[in-house]
Amino acid sequence: MFVARPAAVVACLLPFGYRPAEIGFIAWTGLRGAVGIFLASIPLLAGLPNAVLYFNVAFVVVFASLIVQGWTLARAAHWFEVAVPRADPNTRRIQLDLPGQLEYDMVGYRIAAGSAVLRGDALPGRARLAMVVREGRVLLPDDAGALRANDYAYVLAPSGQAPRLDWLFAEGTDARLAEQDLFGSFTLPGDVPLGELASFYGLVLPSRFDAFTAAELFDKRFDEQPQIGDRLALGKAVLVVRSLKDERVAQVGLRFAGVGERLLGGR
């Protein structure tokens, strides 16, 4: 906590140009919490030898980390001048890096009543439901059937893509706000001509793309099949894939970039 982790963080991040303040804050945020306890409970569920010992050790480490570091994080962020305002929806997301699976993370959500996923909205194509925890039982997707309110869904998602899942699991008003934040306020058909769209909204678009539809532009710019949440810049606006049909982009969202937002197309 005080020596080994800070030394390792400095050695790993200093060559990549991180600011001293960023390195200092990352070195201090070796916080252990719900994920550690969750993983420690797996041996108990599997009935492995010494499972109680593993759980007790994990619990003590988490408790010490929370007591020593937990209450200091907000102050540390301000002290290192790395604090930024956040507007995350109320999703209660748990995220876990998977060793040996560098391209995917395990993301866990409590499914709130009224969330988009209960209304039938599907997971993006590159995200896969791994398991469901319902009333204390761990169920495989085929055994769980339709998701229910207060289930806990654990999803395999490409690294860095977890925030694009938040809108599916957010509660009530938060769900609508998170959906609008991801897709924008306008929903358009995938076959909307880009030339007409650019003319209507006063967007700057290379003339060679005037005859393209939004779906055709996504097909052209992405080597793989576009997925829900994929984005492309269109002048000062951003096109976001909202739905798919027959492996083609059926609907796109149109959102306008806020101050300081990067206008780069990509996943």
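These legends describe close-up views of a predicted model. Residues are numbered from 1 along each chain as its sequence is written. In this predicted model, local features need pLDDT of at least 70, side-chain atom pairs count only at pLDDT 80 or more, and totals for chains, interfaces and linings use all residues; side-chain values use heavy atoms, without hydrogens and water.

**View 1. Strand β5 and its two partners.**
Strand β5 spans residues 152-158. Helices (H or I, at least four residues) and strands (E, at least two) are DSSP runs, numbered from the N terminus. Five of the seven residues in β5 are buried, so the strand is mostly covered. Buried means under 20% relative accessible area, exposed means over 50%, and partly exposed lies in between (1.4 Å probe, protein chains only). Two strands pair if DSSP finds at least two bridges between them. Strand β2 (residues 104-110) runs antiparallel to β5, joined by seven bridges. Here Tyr104 stands opposite Pro158 of β5. Strand β3 (residues 128-134) is also antiparallel to β5, with five bridges. Arg128 has Leu156 of β5 as its bridge partner.

Side chains of opposite charge can pair when their charged atoms come close. A salt bridge is a side-chain nitrogen of Lys or Arg within 4 Å of a carboxyl oxygen of Asp or Glu. The count by this rule is three. In the Arg134–Asp151 salt bridge, the closest N and O atoms are 2.8 Å apart. Arg134 belongs to strand β3 and Asp151 to the loop between α6 (141-144) and β5, so the pair ties together parts that are 17 residues apart in sequence. Arg134 is buried at 5% relative accessibility. Asp151 is buried too, with a relative accessible area of 3%.

**View 2. A salt bridge from helix to strand, Asp219 with Arg248.**
The closest N and O atoms of the Asp219–Arg248 salt bridge lie 2.8 Å apart. Asp219 sits in helix α10 (residues 214-221) and Arg248 in strand β9 (residues 248-256), so parts that are 29 residues apart in sequence are tied together by the pair. Asp219 is partly exposed at 31% relative accessibility. Arg248 is partly exposed, with a relative accessible area of 37%.

**View 3. The salt bridge of Arg19 with Glu22.**
Arg19 and Glu22 form a salt bridge with closest N and O atoms 3.5 Å apart. Arg19 is partly exposed, at 42% relative accessibility. Glu22 is partly exposed, at 26%.

**View 4. Aromatic pairs.**
A pair of aromatic rings is described by the distance of the centres and the angle of the planes. Rings of Phe, Tyr and Trp (its six-membered ring) pair if their centres lie within 6.5 Å; planes under 30 degrees apart count as stacked, over 60 as edge-to-face and the rest as tilted. The whole structure holds seven aromatic pairs. Among them, Tyr109 and Phe169 are stacked, 4.2 Å centre to centre with 5° between the planes. Tyr109 lies in strand β2 and Phe169 in helix α7 (residues 166-169), so the pair ties together parts that are 60 residues apart in sequence. Tyr109 is buried at 0% relative accessibility, and Phe169 is buried at 1%. Phe186 and Tyr201 form a tilted pair, 5.8 Å centre to centre with 55° between the planes.
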